[in-house]
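These entries record what I looked up in one structure.

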Amino acid sequence: MTETKRESTFTGWHMLAIMVSFFGVVIAVNFTMAYFAVSSWTGLVVENTYVASQEFNGKAAEARAWAATGIKTDLKASAEGIRYTITHPETGPLKGEKVVAEFRHPVGDKFDFTVTLTPEGNGVFVTNHPVPAGQWIVDLLTTDGGTTAYHEAIRIRVNGN
């Protein structure tokens, strides 16, 4: 019997190609993830977290005080516009000269906007500004005679048509 000698077909060049391919994929994935991290939402909620933490207790107390007034509100937002109704349980519809509504997405600030609602009467404020579908955090500030009549922040979902 004659033995045939077999040469190995796996060479150093093959190993080099495998290593370059492996690390090339790892580097490509890292660059892709870095690009998406930089080009998407920054995650910035407040400019200075220390100042925001110092103001938190005061803002929380103010929100509890507004809630204790018993004022009831109803916000309706759609592609047709925004309607905000505000009433006091004892005195009826709340008077105000305007309501400033700041619409913010919970994640990202690309589509955020601020609108002014005008009084329609009987505690109803309206605007025909369309609101895109999605989740929104709405900060509503009602003023009357230059002073704050009511302030609240609520979370809503606007359904698409």
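Entry 1. I located T143 in strand β7; the model I am reading is predicted. Setting aside residues up to four places away in sequence, I listed what T143 touches: G96, E97, K98, T148 and A149.

Entry 2. I next looked up L75, which is found in strand β1, residues 72-78. I noted a relative accessible area of 13% for L75, which is buried. Leaving out neighbours within four places in sequence, I found L75 in contact with I82, R83, Y84, V138, L140, I154 and I156. I also checked L75 against R157, 82 residues apart along the chain, and their C-alpha atoms are separated by 11 Å.

Entry 3. I turned to the largest pocket and asked how much space lies in it. The value I recorded is about 910 Å³. I noted 28 residues lining the largest pocket, and V45, K59, R104, D139 and A153 are those nearest its centre. The elements giving two or more residues to this lining are α2 (49-68), β7 (134-144) and β8 (147-158).

Entry 4. Which element gives the most to the lining of the largest pocket? I found that α2 does, with 10 residues. By residue class, I recorded the lining of the largest pocket as 15 nonpolar, 4 polar and 9 charged.

Key
Residues numbered from 1 in each chain as written. Predicted model: local features only at pLDDT ≥ 70, side-chain atom pairs only at ≥ 80, totals over all residues. Heavy atoms only, no water. 1 Å grid on protein atoms, 1.4 Å probe; cavity = no way out; pocket = protein on both sides within 12 Å on 5 of 7 lines; lining within 4 Å. Points joined across faces, edges and corners; volume = space filled by probe spheres on them. Helix = DSSP H or I, 4+ residues; strand = E, 2+ residues; numbered from the N terminus. Nonpolar A, V, L, I, M, F, W, Y, C, P; charged D, E, K, R; others polar. Buried < 20%, exposed > 50% of the residue type's maximum accessible area, 1.4 Å probe, protein only. Contact = heavy atoms within 4.5 Å.
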